[in-house]
Amino acid sequence: MTKCAGCGSEMQCMIPERMGYVSPNIFGMAKMCERCFRLQNYNEFQYIDIDSSFFSEMYKEINRTNALVVVVTDLFNINSKFDVFLRMNNPKLLVLNKRDILPPNISDEKLLNSIDGNYIDKVLVSSKTNYNFDLLISKIRDYRTSNKVYLLGYTNAGKSSIVNKLLYHYGKKESKIVTSMLPSTTLNMIEMELESGLTLIDTPGIVDKGNISNYVDYEMLNRINPRKVIKPKVYQVRRPQSFIIDNLLQVHVDDKNIVTFYISRDLYIERNFKDKKLNFEKRVINVGDDEDIVVNGLGFINFKISAVVTIYTFSNVEVYTRKALI
């Protein structure tokens, strides 16, 4: 059965002229399904829900191999639910993507030390600027236990973009898989060979239902995802007030504090001293000295002084605290 070069799904129709779309400039004559072709060329997205049993069986299969697993996450939005990967027995290399969007004056060592877990190693990369890709491929070669290496992660972490960079710089031939900020772009495992005899296996990203990207339209999603280096926005709080971010989130602070927002430059923060409340679920969060409140998919907010903070946002969006990342 022919597989789509973009998402890895099997193309059911075997009539040659209808097996898939051909895009020579992007895929080197590889066949794509109509869904990937329209996503790549017209930004038309068709969401397909992947059953959770698929992931369960996939992880069991990978677990039996003892192959190296490369866990990819977005450095700007480190997922709090990585236990699904940490439970695997495979050796795990953590790749923190999107280094380019955090201020360059923050040391890589500080960022790496802020992440816990039973990883054999960690590396910061940027698929946008090619940062540390030579180091990444070196670590993959050093830690691999066989010729097969699996890439795992949640949706929108940049996993497929990293695969494309590795293929471009170290692959046997020019090839590419479909990338998008939208969920469930990759639908099945896709195998790709590198020059050293190494086979990369890209896997479907887990859709994180606690991510705010699931509850906004495509235009807002474009604004939420940072495209430039984040410029921290610092506020001195001396009396009760709220901060409203583009009608996506409201943060209410009662007492004196120094509050710093790390969000996309394309989002607008309204500072409000009146009793205005967004029509969202209310949550009361206790944050400690120099801790972050993370809003999954949107960014994080640092508080220098411990406080009781009231948050209003979509009911299913995950909000949690952690020690300061920066």
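In this predicted model, Ile190 of strand β7 (residues 190-193) stands opposite Asp202 in strand β8, where strands are DSSP runs of E with at least two residues and helices are runs of H or I with at least four, numbered from the N terminus. Strands β7 and β8 (residues 199-202) run antiparallel and are joined by 4 bridges, two strands being taken as paired if DSSP finds at least two bridges between them. The two strands form a hairpin with 5 residues between them, and Gly197 in the turn has a positive phi of about 85°. In a regular strand the side chains alternate between the two faces of the sheet. In β7, Ile190 and Met192 belong to the covered face, whereas Glu191 and Glu193 belong to the uncovered one.

Residues are numbered from 1 along each chain as its sequence is written. Because the model is predicted, local features need a pLDDT of at least 70 and side-chain atom pairs count only at pLDDT 80 or more, while totals for chains, interfaces and linings use all residues, and side-chain values use heavy atoms, with hydrogens and water left out.

The pLDDT, which is the predictor's confidence in each residue from 0 to 100, averages 80 over the protein, and 77% of the residues score at least 70. Over residues 11-29 the pLDDT is below 50, and this stretch has 44 contacts in the model beyond near neighbours in sequence, a contact meaning heavy atoms within 4.5 Å.

A nonpolar core is a set of buried Ala, Val, Leu, Ile, Met, Phe, Trp, Tyr and Cys residues joined through side-chain atoms within 4.5 Å, buried meaning under 20% relative accessible area with a 1.4 Å probe and protein chains only. The largest such core holds 35 residues, of which Tyr59, Phe85, Leu96 and Leu152 touch the most other members. Elements supplying at least two residues each to this core include α3 (52-63), β4 (92-97) and β6 (148-153), and α3 gives the most, with 4 residues. Apart from this core lies another, of 31 residues, among them Phe243, Ile245, Phe261 and Ile301.

A search of the whole structure finds 2 cavities of 30 Å³ or more, a cavity being a set of points on a 1 Å grid over the protein atoms alone where a 1.4 Å probe fits but cannot get out, with lining residues having an atom within 4 Å of a point. The largest cavity contains about 210 Å³ of space, volume being the space filled by probe spheres set on the points. Its lining has 20 residues, of which Asp74, Asn77, Thr155, Asn156 and Asn211 lie nearest the centre.

Definitions and conventions: Buried means under 20% relative accessible area, exposed over 50%, partly exposed in between (1.4 Å probe, protein chains only). On a 1 Å grid over the protein atoms alone, a cavity is a set of points where a 1.4 Å probe fits but cannot get out, and a pocket is an open set with protein on both sides within 12 Å along at least five of seven lines; lining residues have an atom within 4 Å of a point.
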